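Biologist: I am new to this structure and would like to learn how to read it one feature at a time. Please show it to me before we start.

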Amino acid sequence: MSAEAWTTSLVILSFIVYLYIGWRTRVQDSKGFFVADHGVPSLANGAATAADWMSAASFISMAGLISFLGYDGSIYLMGWTGGYVLLALLLAPYLRKFGKYTVPDFVGDRYYSNVARVVAVIAAIFVSMTYVAGQMRGVGIVFSRFLQVDISTGVVIGMVIVGFFSVLGGMKGITWTQVAQYCVLIIAYLIPAVAISLLLTKNPIPQLAFVFSNIVPKLNQIQVDLGFQEYTKPFVNKSMVDVLFTAIALMVGTAGLPHVIIRFYTVPDVRSARYSAGWALLMIALLYTTAPALSTFARYNLIDSLHNKTIEQIYQLDWAKKWENTKLLTFEDKNSDGRIELTPDKKTSEISIDPDIIVLSTPEVAKLAPWVIALVAVGGLAAALSTASGLLLVISSAVAHDIYYRMINPGASESRRVMVGRVMVGFALAIAGYFGVNPPGFVAQVVAFAFGLAAASFFPIIILGVFDKRTNREGAIAGMVVGLCFTIFYIVGVKFYGMQPWFFGVSAEGIGTLGMLINFVVTWSISRLTPPPPLEVQEMVEVLRTPGDEPPAIEELDEDHLD
């Protein structure tokens, strides 16, 4: 069987499994739809959290960016894993103890303000829409190569599948589908990494091969010979300041991502939240410690396969022709010397490679078995669909629960609340599909913008909400608005309107750090210049930080304090 036939078979099989799980876990009540009845075991929630968090950016694009950026690409590893530790230690247990459904729920009740709730809803939708666009783009890339359809058709297929189990099962269906998707994506990532490690270094453990073999020195020398900087030389593609700011933005952005935070509402109690965070970190580490090795192997193999070859030799490689059909890999003999060369200058380089194809193409470049090639494609789909489903539920719950139920129609029946949630999943899916077809950047870049927005909006408000009982609604609202608006202005200006990165050369991916600091300063300052929160809110914060599973008496808040 060809790689395409294997891919079609495995994609159909995996989709049948996902659809079956969605059907079996369908729900009718709001608690099941939004928080899976608070009944997910720690181990299962750890796997679901890992799948939710390891998106198409992690599976498809991260190794590609490291492969292109070399040392500077390590910001994605350091930022995303460091951020998860922050989330597990500083936020997850307290948010689970708070006992609500969503991040805007926490913001609205902690800051005794419907205005704060609305601002948090807007921020959650901004973050989630930006993030989900990257997932849809990843789905389209996989389909365009392995099923020979265009990217827009691939995005539509992905929308139909993820919409089915999200609409039917809500958080319950999404959770158990994500458990299956984690198993698929981690197997799909590790098998080719081990095989290629064995082929190139005779060591079957990629992490050890990366550190102890001679593959990195060989790649460094090849880079220098071609006119590039050494692969492991720091601060070549990004300045030191930009590396620092981007890593911090990714860290605090991870800790503020609403679709990851919401996963900790699905477990029975605070202790389970802590255990599921630990399981998730272990499961995430399997992929993230493998990524640097896989990116190195991929770059070495690509250069060896393509550089200084004739176009006839390249077209003898079946995978090269098929990737060229997607327009994500192109060849052009610019100097008409009969050979295709890779150079540091994009104007003279005769090979153009989209970073998003690195992981997906690596098994083909290494001439692995067709079923391994297909497995990687299915893993990429699992990573993209798992995260997309979590993001869609965040958008749905932000409107259906935090706006419709909490503010517009508190007397809404269970069936009406679930119906509104399902309608909002469909609406969000349509918008996400559009941005998947017309993305504003590479998958990991698009996702990095989402992390910056989360850093500038949610992280300071949640941290201060848990650890500073003096922070009030005036400060929280002003901080979120100023932090979010500044970050959006900078990102949009730099990426779409040609504005130069004026803050010490910090890129759009890293500006969320400054947005976060501005949010902290504004929130803290205005909170000190305005009246303190009501005593019952301050007491609630004290209870929130006290060890134990008993939630604070949120329902006893005086309605007169709400704006």
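Biologist: Is Tyr490 buried or exposed?

Modeller: Buried means under 20% relative accessible area, exposed over 50%, and partly exposed in between, with a 1.4 Å probe and protein chains only. Tyr490 has a relative accessible area of 0%, so Tyr490 is buried. Phe486 counts as buried too, because its relative accessibility is 16%. The model is predicted, so local features need pLDDT of at least 70 and side-chain atom pairs count only at pLDDT 80 or more, while totals for chains, interfaces and linings use all residues. Residues are numbered from 1 along each chain as its sequence is written, and side-chain values use heavy atoms, with hydrogens and water left out.

Biologist: Where do Phe486 and Tyr490 lie?

Modeller: An α-helix has 3.6 residues a turn, so residues three or four places apart point the same way. Helices here are DSSP runs of H or I with at least four residues, strands are runs of E with at least two, and both are numbered from the N terminus. Phe486 and Tyr490 are both in helix 21 (residues 473-496), where four residues, about one turn of the helix, separate them.

Biologist: How many aromatic pairs are there by the ring rule?

Modeller: Rings of Phe, Tyr and Trp (its six-membered ring) pair if their centres lie within 6.5 Å; planes under 30 degrees apart count as stacked, over 60 as edge-to-face and the rest as tilted. The count by this rule is 14 aromatic pairs. Phe486 and Tyr490 make a tilted pair, because their ring centres are 6.2 Å apart and their planes stand at 40 degrees.

Biologist: What kind of aromatic pair do Phe486 and Trp502 form?

Modeller: That pair is edge-to-face, with 6.3 Å from centre to centre and 80 degrees between the planes. The pair links distant parts of the chain, 16 residues apart: Phe486 belongs to helix 21, and Trp502 to the loop between helix 21 and helix 22 (512-529). Trp502 has 47% relative accessibility and therefore counts as partly exposed. One aromatic cluster is formed by Phe245, Phe486, Tyr490, Trp502, Phe503 and Phe504.

Biologist: Which residue lies over the face of Tyr405?

Modeller: A charge sits over a ring if NZ of Lys or CZ of Arg is within 6 Å of the ring centre and within 35 degrees of the ring normal. Over the face of Tyr405 lies Arg417, at 3.6 Å from the ring centre. Arg299 lies over the face of Phe68, and there the distance from the ring centre is 5.8 Å.

Biologist: At what angle do helix 4 and helix 7 pack?

Modeller: Two packed helices are described by the angle between their axes and the distance between the axes. Axes are lines fitted to C-alpha atoms, for helices over the stretch in contact, and angles run from 0 to 180 degrees between N-to-C directions. Helix 4 (residues 56-69) packs against helix 7 (residues 114-146) at about 65 degrees, with the axes 10 Å apart.

Biologist: Which residues make the contact?

Modeller: Contact means heavy atoms within 4.5 Å. Helix 4 contributes Ala56, Ala57 and Ile60, and helix 7 contributes Gly134, Gln135, Gly138 and Val142. Ala, Val, Leu, Ile, Met, Phe, Trp, Tyr, Cys and Pro count as nonpolar, Asp, Glu, Lys and Arg as charged, and the others, Gly among them, as polar. By these classes the contact has four nonpolar, three polar and no charged residues.

Biologist: How many residues of helix 17 are buried?

Modeller: Helix 17 (residues 358-365) is mostly covered, with eight of its eight residues buried. Among them are Ile358, Pro363 and Glu364. Lys367 follows helix 17 and lies in the loop between helix 17 and helix 18 (370-408). Lys367 counts as exposed, because its relative accessibility is 70%.

Biologist: What is the phi of Lys367?

Modeller: Lys367 is not a glycine, yet its phi is positive, about 60 degrees. Asn308 is not a glycine either, and its phi is positive at about 65 degrees. Asn308 sits in the loop between helix 14 (291-306) and strand 1 (309-310). With a relative accessible area of 34%, Asn308 is partly exposed.

Biologist: Which residues is Ala36 in contact with, leaving aside its neighbours within four places in sequence?

Modeller: They are Lys31, Met171, Lys172, Thr175 and Thr266. Ala36 lies in the loop between helix 2 (30-35) and helix 3 (42-53), and counts as buried because its relative accessibility is 5%.
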